Amino acid sequence: MISPQAFVDPGAKIGKNVEIYPFAYIEKDVEIGDNCIIMPYVSVMNGTRMGEGNHVFQNTVLGALPQDFNYTGEDSSLIIGKNNMIRENVVINRATHAGQSTTIGDHNCLFEGVHISHDSKIADHCVFGFGTKVAGDCKVDSHAIMGSQAVIQQGAHIASWTMIRGGCRFDKDVPPFIVVSGNPTHYYGINSLMLTKGHFPEKIQKHIANAYRLIYQGNTSIFDAIIRIHEQVPMSEEIEQIIQFVQQSEENTGIIR
């Protein structure tokens with residue numbers, strides 16, 4: 001169903017069973033997959049590629065021009081996966097440079113007022129609370145949760161299975177499996193609630209907690225903390241993930257402390 005009161009450029013590619021409500025605006029260089037719902041006053045701008053089953057609510061802007069002084073009019077893109085819920089007043093910018101993309105994966109939920117800036121990469125099964133702002137070139141891995149009004153600064157990397165509590169503002173990386181809180185934003189503990197829901201064994205959760213005890217409460221450098229993890233914590237895929245993430249982050253922006 002495409003309302004006659006919506007504007008859909010004849011060059012746009014619209015899939016099967018797509019519902020486009022009155023006063024939606026769809027530009028020419030746009031692809032919308034099957035079974036999507038585009039509510040009133042949504043704007044889908046050039047360069048947007050959307051998979052199937054997405055539900056986009058009122059006043060959202062997808063593929064907005066990047067808010068970046070380096071942008072000079074290049075043809076870039078916004079790529080959205082499938083089965084995402086994108087609520088009212090969300091803005092997602094496409095990438096800054098030609099051939100690059102801002103990407104949103106599958107099964108994400110972006111609540112009212114979320115802003116995802118240019119060139120950011122969002123994985124799958126993430127939740128962004130009311131008014132969350134993600135600056136350019138950020139990376140958010142799968143199963144991460146951002147509380148309302150969180151502000152993630154340029155270039156930060158949010159690892160998988162993390163919880164960012166409401167109101168946090170930071171520009172450092174957040175390692176996997178933890179909760180961060182406050183301003184200045186700091187380590188609060190492991191994300192045991194979501195790890196349990198994700199069927200992580202209790203033994204593995206204890207090992208994760210021990211690893212972070214050495215990192216955050218060991219009164220030593222990150223380098224020495226990693227040595228102690230190798231010596232004291234049984235190795236597993238999750239512990240290897242923590243070590244790899246922390247080492248890579250220390251070479252760049254560093255981790256939340």
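The secondary structure of the chain comes to four helices and 27 strands, where helices (H or I, at least four residues) and strands (E, at least two) are DSSP runs numbered from the N terminus. The model is a predicted one, in which local features need pLDDT of at least 70 and side-chain atom pairs count only at pLDDT 80 or more, while totals for chains, interfaces and linings use all residues. Residues are numbered from 1 along each chain as its sequence is written, and side-chain values use heavy atoms, with hydrogens and water left out.

A look at the whole chain comes first. Its C-alpha atoms fill a box of roughly 65 × 40 × 30 Å along the principal axes. For 257 residues, a compact globule would have a radius of gyration near 18 Å, and the 20 Å of this chain agrees with that. The radius is taken over C-alpha atoms, and the globule rule is 2.2 Å times the number of residues to the power 0.38. Of the 257 residues, 52% are buried; buried means under 20% relative accessible area, exposed means over 50%, and partly exposed lies in between (1.4 Å probe, protein chains only). Among contacts (heavy atoms within 4.5 Å) with a separation of 6 or more, 29% come from residues 24 or more positions apart.

Nine of them form an open sheet with parallel pairing, in the order 1-4-7-10-13-16-19-22-25. Two strands pair if DSSP finds at least two bridges between them. Strand 1 (7–8) and strand 25 stand at the edges with a single partner strand each, so one side of each has no neighbour in the sheet. Strand 25 pairs with strand 22 (residues 151–152) in the parallel sense over two bridges, and Arg169 in strand 25 is the bridge partner of Val151.

Which residues of helix 2 are buried? They are Ile204, Gln205, His207, Ile208, Ala211, Tyr212, Leu214, Ile215 and Tyr216. These buried residues pack against strand 26 (178–181), strand 27 (186–190), helix 1 (192–197), helix 3 (222–232) and helix 4 (237–250). Just after helix 2, Asn219 takes a positive phi of about 50 degrees.

Aromatic rings also bring parts of the chain together. Rings of Phe, Tyr and Trp (its six-membered ring) pair if their centres lie within 6.5 Å; planes under 30 degrees apart count as stacked, over 60 as edge-to-face and the rest as tilted. By this rule there are eight aromatic pairs. One of them is the edge-to-face pair of Phe177 and Phe200, with 5.8 Å centre to centre and 65 degrees between the planes. This pair links distant parts of the chain, 23 residues apart: Phe177 lies in the loop between strand 25 (169–170) and strand 26, and Phe200 in the loop between helix 1 and helix 2. Phe177 is buried at a relative accessible area of 1%, and Phe200 counts as buried at 14%. Another pair, Tyr187 and Tyr216, is stacked, at 4.2 Å centre to centre and 0 degrees between the planes.

Arg87 lies over the face of Phe57, 4.1 Å from the ring centre, and the charged end of Arg165 sits over the ring of Tyr188, 4.5 Å from its centre.

Gln67, in the loop between strand 10 (61–64) and strand 11 (77–80), counts as exposed at 60% relative accessibility. Leaving aside residues up to four places away in sequence, Gln67 touches Asn93, His115 and His118. In the loop between strand 26 and strand 27 lies Pro184, joined to Asn183 by a cis peptide bond with omega of about 5 degrees. Phe23 is not a glycine, yet has a positive phi of about 75 degrees; its relative accessible area of 42% makes Phe23 partly exposed.

Note on methods: A charge sits over a ring if NZ of Lys or CZ of Arg is within 6 Å of the ring centre and within 35 degrees of the ring normal.
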